[in-house]
Amino acid sequence: MRPRDFLVLSVYATRKNEIKKMEPQLSWYLALSAVLFTIGVTGVIIKRNVISMFMCIELMLNAVNLTFVAFASFFHDATGQLFVFIVMTVAAAEAAVGLGIIIAIFRNRESLDVDDASISKL
């Protein structure tokens with residue numbers, strides 16, 4: 001083995017160790033999930049458009065899914081990923097039913113404002 005080959009291997013080993021150290025920690029995933037969930041809650045509270053509120057609810061579901069996957073990866077357990085699969089299945093059904101309700105409201109009211117869709121204002 002030539003000295004230059006040894007130098008290349010040692011640099012590769014050093015970079016490999018540096019890459020290993022730069023893996024995202026669990027707290028980073030949880031912080032990102034908290035930020036996404038907060039954006040979703042803020043959107044549901046502030047927005048008056050049904051479609052925007054619907055997207056914010058989906059954002060909150062995805063934030064929870066990120067938390068489940070992060071904990072599943074941290075604890076080396078597949079239970080969190082199973083919960084994500086169930087949540088995504090329920091979210092798909094919710095999207096289909098929710099969009100159907102939104103279309104029905106728009107056809108009757110010709111508006112997607114939440115205040116216009118109040119039952120007491122028939």
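Select Phe71 first: this residue is partly exposed, with a relative accessible area of 33%. Here, buried means under 20% relative accessible area, exposed over 50%, and partly exposed in between, computed with a 1.4 Å probe on protein chains only. The model is predicted, so local features need pLDDT of at least 70 and side-chain atom pairs count only at pLDDT 80 or more, while totals for chains, interfaces and linings use all residues. Residues are numbered from 1 along each chain as its sequence is written, and side-chain values use heavy atoms, with hydrogens and water left out.

Phe71 and Phe75 are 4 residues apart in helix α3 (residues 50–75), a separation of about one helical turn. Helices (H or I, at least four residues) and strands (E, at least two) are DSSP runs, numbered from the N terminus.

Now turn to the rings. The structure holds 3 aromatic pairs. Phe71 and Phe75 form a stacked one, at 6.1 Å centre to centre with 10° between the planes. Rings of Phe, Tyr and Trp (its six-membered ring) pair if their centres lie within 6.5 Å; planes under 30 degrees apart count as stacked, over 60 as edge-to-face and the rest as tilted.

Then select Phe74, which is partly exposed with a relative accessible area of 47%. The ring centres of Phe74 and Phe75 are 5.0 Å apart and the planes stand at 75°, so this pair is edge-to-face.

Finally, move to His76, in the loop between α3 and α4 (79–109). His76 is exposed, with a relative accessible area of 75%, and has a positive phi of about 55° although it is not a glycine.
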